[in-house]
Amino acid sequence: MIEFQDVTYVHQNGVRALDGVSLSIGSGETVAIVGENGAGKTTLVKHVTGLLKPATGNVLVDGQNTRETSTAQLSRKVGVAFQNPDHQLFSESVEEEMSFALRNFGFPPPLVEQRVKWGLELFGLEEYRKSSPLVLSGGEKKRLTLACILAWDPEVVILDEPTVGQDSIQKEKLSGTIRMLTSSGKTVVVVSHDIEFLWPMQPRVVVMKAGRVLGDGPAARLMQDRGLLESARVAQPQLVEFYEHLVERPNSPFADPLEARRWVEGRAR
Amino acid sequence: MMWLSSGFVFRRGTSAYHRLDPRVKLLISVLMFATTLLVRSLYELAAVLAFMIAVAAIATVLRRVAKTMVFTATFSLIIFVVNFVVTRNLGTSLLYASRFVAIVVSTSLFFITTSPDELEQVMKTFRLPRDVVFAFVTAVRFIPVMFLDTIQIMDAQKSRGLELEKGNLFRRVRNMIPILIPLVVNSVVRSGELAEAMESRAYGAVPRPTSLVEYKARATDRVVAVAAIVLFAIAAYSFYFVLPARIL
C-alpha cells in the first residue's frame, strides 16, 4: 500500500530529516511510528500525502508515485489528522467543518449529510453540530479533526500525535476507533510519543532516530528490546517493565507482558 | 510569504556588518532610503543600487537580497504599468518602478542583519513608549512563527482536498479563506496568551525596567557612521549640483 524506497529529505536549513528510509506498509496494517522529537516521524508521514517530495528515492502510495500525484489526489486515499487541530478548523459550524473535505471531493449532498451525521455520532459531537468549531475544547477539536478525516472514508488513516490533550476516557475511545478502523481493513499509521497508548494495540512498530529507521517489527518484540529503545530515547511501556522485573525472579506468573496486562486489567475490574 | 521570509526575517550572521551597532545599521539604511528619494535619473539610481548590493555583499546576504529584488520586481512591474498608463512617460515609469526596488532593498538590509533584540534597543534609544516598542518588536519576532503556521495550515487543508492553485482568480482568492481564518484565529489566541504570560512575569510592574544589554558605539561604529553621512552628502550634492537632471 505504502512504499518508501531509499527516501532522503533535507530541510531548507540543511537538516537531513530523512536519511535513506526504506519501508513497506501493507494494506490493513496498523503501524506505530515512534522516536524522539526531531527523529523525522512527521516528515515521514508528510511524504505519504505528497506534502513533501523526497530529495532522492521514491514514495509509492497504492502504486502511485507521490512525485507525480498532487496532494489533493492522494488525500482521497490518505487522510491525515495533524497534531494541532487549530491549524485546520475555520468553518462557521462543526457540520460545515466536517463537510469541507467531502465537498472538495465532490460527494453528492445526501451522502455528505449521511457521512457528517455518522462522524458526529462516532465521536460524540452531535450536540455541537451547529456550534463554531473554534469554541470547542482542545480534546473536542482533536476529535473533530479525526471525524473530518474519517468522514470521506480514506483507505489510509494517518494520526499525528492523536492523544495530545486527550483524557484517559477519550484515549480509550480513540484506541477503540483505531481497532475499528483496523478491523474494517483500513491501513492505520499512528505517530506518537505515547507508548502506553500504543502498546496495548500491539501494532507493528517503526522506531526512528535522526531520520533513520532503527527498528521495525511487532510491538511485542521491539518493546522488550531495551538497547533499541534507549538508543532511540523511547520509554518502555510500564507493563513490559513490570513483566521484565517479575521474569527475573523464579516462578514468574506471566508468560509474556500481555498476560501481565490482562492480569492487571482483571485486578482493576 | 517566501518574499517576506527572505527579505525581512533576521538570520544570525557573523559578518562585520552584522556586528555593527544597530543604530549605525539603521542610519545606513535610512540614508540609503533617503538617497533613493533624491535621485533624479536612472543612472543615479543604478549607482545607488550598486552601492546597496556592495553593502549586501559585505554583509554576506547577497543571495537573500537578490531574492528580495526578484520578488519585489512583480510589484515593481505593477508600478511601472500604472505609471506608464497615467503619464505615458517611459523614463519616469522606469524610475518609479526601480525606485521601489531600491527602497525595499534599503529597508530589507536593516531587517535581515538586525536581530529583534537589537531592534528593541534601537527603538529604546529614541525613547519610544515601551508598549509601542514591545508591540513592534514582537510583531517582527513572530513573522517566522506565522510563516511556519501558514505552511502547517496549508498542509492541513491540502490534505483535505483543497487545491490552492486551481481555478480562476475569484476561486483562488476564495480558496485562501481556509488558510486565513485559522491563521488569524491562532494569532489572536497567541497574542492573548502572550499578554497573560508577560503580565504574569511582571510586565509593566515598573515604569523603567532595566536592560540585559546596553549598546555602546565602538570606534569602528563611529567611523562607519561618519563615512555613511559623508557619502550621503556627496551623493546628494552630486545629484543636485553636478550631474544633469535627465531621467535617461
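## Confidence of the model

The structure is a prediction, and the model scores ipTM 0.73 and pTM 0.74. For chain B, the average pLDDT is 87, and 96% of its residues score at least 70.

Chain A contains an open sheet of six strands, arranged in the order 6-7-8-3-9-10, and the pairing within it is mixed. The edges are formed by strand 6 (78-81) and strand 10 of chain A; each has a single partner strand, so one side of each is left without a neighbour in the sheet. On average, neighbouring strands of this sheet are turned by 15 degrees against each other, direction ignored.

Helix 1 (residues 41-48) of chain A packs on the sheet and touches strand 3, strand 6, strand 7 (156-160), strand 8 and strand 9 of chain A. The direction of helix 1 of chain A makes about 155 degrees with that of strand 7 of chain A.

## The hairpin at one edge

Strand 9 (residues 204-209) and strand 10 (residues 212-218) of chain A pair in the antiparallel sense over six bridges. Two of the residues in strand 9 illustrate the pairing. A:Val205 has A:Gly217 as its bridge partner in strand 10 of chain A, and A:Val206 stands opposite A:Asp216 in strand 10 of chain A.

Together the two strands form a hairpin, with two residues between them. In the turn, A:Ala210 has a positive phi of about 50 degrees.

## Helix 6 of chain A

Helix 6 (residues 168-183) of chain A has 16 residues. From its first C-alpha to its last it reaches 22 Å, close to the 22 Å expected at 1.5 Å a residue. Which residues of this helix are buried? They are A:Leu174, A:Thr177 and A:Ile178. Seen down the axis of helix 6 of chain A, the buried residues fall within an arc of 100 degrees, so they line one face of the helix. On the other side of helix 6 of chain A, A:Ser168, A:Ile169, A:Gly176 and A:Ser183 are exposed.

The cover over the buried residues of helix 6 of chain A includes strand 3 (30-34) and strand 8 (187-191) of chain A. Helix 6 of chain A lies across strand 3, strand 7 and strand 8 of chain A, and it runs at about 150 degrees to strand 8 of chain A. Just after helix 6 of chain A, A:Gly185 takes a positive phi of about 90 degrees.

## Chain B as a whole

How many helices and strands does chain B have? Chain B has twelve helices and zero strands. Its C-alpha trace spans about 60 × 55 × 30 Å along its principal axes.

Of the 248 residues in chain B, 29% are buried. Among the contacts in chain B with a separation of 6 or more, 81% are between residues 24 or more positions apart.

Technical notes
Residues are numbered from 1 along each chain as its sequence is written. Chains are lettered from A and ligands numbered from 1 in the order in which they are written. This is a predicted model: local features need pLDDT of at least 70, side-chain atom pairs count only at pLDDT 80 or more; totals for chains, interfaces and linings use all residues. pLDDT is the predictor's confidence in each residue, from 0 to 100. Two strands pair if DSSP finds at least two bridges between them. Helices (H or I, at least four residues) and strands (E, at least two) are DSSP runs, numbered from the N terminus. The expected span of a helix is 1.5 Å times one less than its number of residues. A residue is buried if 20 or more other C-beta atoms lie within 10 Å of its own, exposed if 12 or fewer, and partly exposed in between; C-beta atoms are placed from the backbone. The arc is that of the directions from the helix axis to the C-beta atoms. Two residues are in contact if their C-beta atoms, placed from the backbone, lie within 7 Å. Axes are lines fitted to C-alpha atoms, for helices over the stretch in contact, and angles run from 0 to 180 degrees between N-to-C directions.
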